[in-house]
Amino acid sequence: GRCTSYRILDYYLSCYMAHLKEAGRPRSAARDVYAAVAALIPPAKPHLMTAARILKRWSAASPSRSYPPMSWELAVAVAAFLWGQREFGAGLAVLTGFQGLLRRKEVCSLLPDDFSFFGDPRFDSDLQRRDQVVIRLWRAKTGANQLVVLEHDGLARLLRAWIAFRRRTCCNSTRAFGVSADQLYRLFKGACARLGLSEEYTLHS
């Protein structure tokens, strides 16, 4: 019957997940397989109890990994590589995320009007120098309607020119950097691979 088929599916899925663990594969590989099966056959998910237990125990037994921090110099190298590929927005997104400690989704959801520069009357009290940029985050993991102040002269000049270009050529509902979080992830990882950097380097999140 159907329930018997689900039990068989649970058995083989559990065996495969155990094989992944013994082979030294990361937990994410097992998690992705489990999620794919559950998405492909939604009625089977409640019956994948053994596979779910293996995944839960694997998570408890595996300490979280800390990834190596990327230096500003390496972030600039990644950005320069992306600019060489004509991915100008993605390169600036990498630098902005680094300086502002912004998560990938946060930096990619920014709009042109979320940026303010020296002389902007909206933020007179926050913008005291030409090397400052104020970024407004409507929604962030740590709360809503927050401000981030960047203080880097070179990046401020680049952002001022880029945002002015985006305001001239795009409507304000368009992403400031022109890339989604997934696109930025792929571009970042591709740049790291081409530059011979560790595959464990990540954006802030």
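Guide: Read along the sequence, the protein chain follows the pattern α-α-α-α-α-α-β-β-β-α-α, with eight helices and three strands in total; helices (H or I, at least four residues) and strands (E, at least two) are DSSP runs, numbered from the N terminus. This is a predicted model, in which local features need pLDDT of at least 70 and side-chain atom pairs count only at pLDDT 80 or more, while totals for chains, interfaces and linings use all residues. Residues are numbered from 1 along each chain as its sequence is written, and side-chain values use heavy atoms, with hydrogens and water left out.

Visitor: What makes Val94 count as buried or exposed?

Guide: Buried means under 20% relative accessible area and exposed over 50%, with partly exposed in between (1.4 Å probe, protein chains only). Val94 has a relative accessible area of 3%, and is therefore buried. Val94 belongs to helix H5, and in the protein chain as a whole buried residues make up 37% of the 205 residues.

Visitor: Which residues is Val94 in contact with, leaving aside its neighbours within four places in sequence?

Guide: Contact means heavy atoms within 4.5 Å, and on that criterion Val94 is in contact with Ala75, Val78, Leu82, Leu184, Phe188 and Leu203, once the neighbours within four places in sequence are left aside. Val94 and Val76, which are 18 residues apart in sequence, lie 8.3 Å apart in space, C-alpha to C-alpha. For the protein chain, 58% of the contacts between residues at least 6 apart in sequence join residues at least 24 apart.

Visitor: What is the relation between H4 and H8?

Guide: The axes of helix H4 (residues 72-84) and H8 come within 9 Å and cross at roughly 100 degrees, which makes H4 roughly perpendicular to H8. Ala77, Val78, Phe81 and Leu82 in H4 meet Leu187, Phe188, Ala191, Cys192, Arg194 and Leu195 in H8. The residues of the contact of H4 with H8 divide into nine nonpolar, no polar and one charged.

Visitor: How do you know where the buried residues of H4 lie around its axis?

Guide: In H4, Ala75, Val78, Ala79, Phe81 and Leu82 are buried. Seen down the axis of H4, these buried residues fall within an arc of 160 degrees, so they line one face of the helix; the arc is that of the directions from the helix axis to the C-beta atoms. What covers the buried residues of H4 includes H5 and H8, whereas Glu73 and Gly84 are exposed on the other side of H4.

Visitor: How do you know that the span of H2 agrees with its number of residues?

Guide: The expected span of a helix is 1.5 Å times one less than its number of residues. The 14 residues of helix H2 (residues 27-40) should therefore span 20 Å, and the end C-alpha atoms of H2 are 20 Å apart, which agrees.

Visitor: What makes Arg86 worth a remark?

Guide: Most residues other than glycine have a negative phi, and most peptide bonds are trans. Phi of Arg86 is near 65 degrees, a positive value in a residue other than glycine. Arg86 lies in the loop between H4 and H5, and at 64% relative accessibility Arg86 counts as exposed.

Key:
Axes are lines fitted to C-alpha atoms, for helices over the stretch in contact, and angles run from 0 to 180 degrees between N-to-C directions. Angles under 35 degrees count as roughly parallel, over 145 as roughly antiparallel, 65 to 115 as roughly perpendicular and the rest as oblique. Ala, Val, Leu, Ile, Met, Phe, Trp, Tyr, Cys and Pro count as nonpolar, Asp, Glu, Lys and Arg as charged, and the others, Gly among them, as polar.
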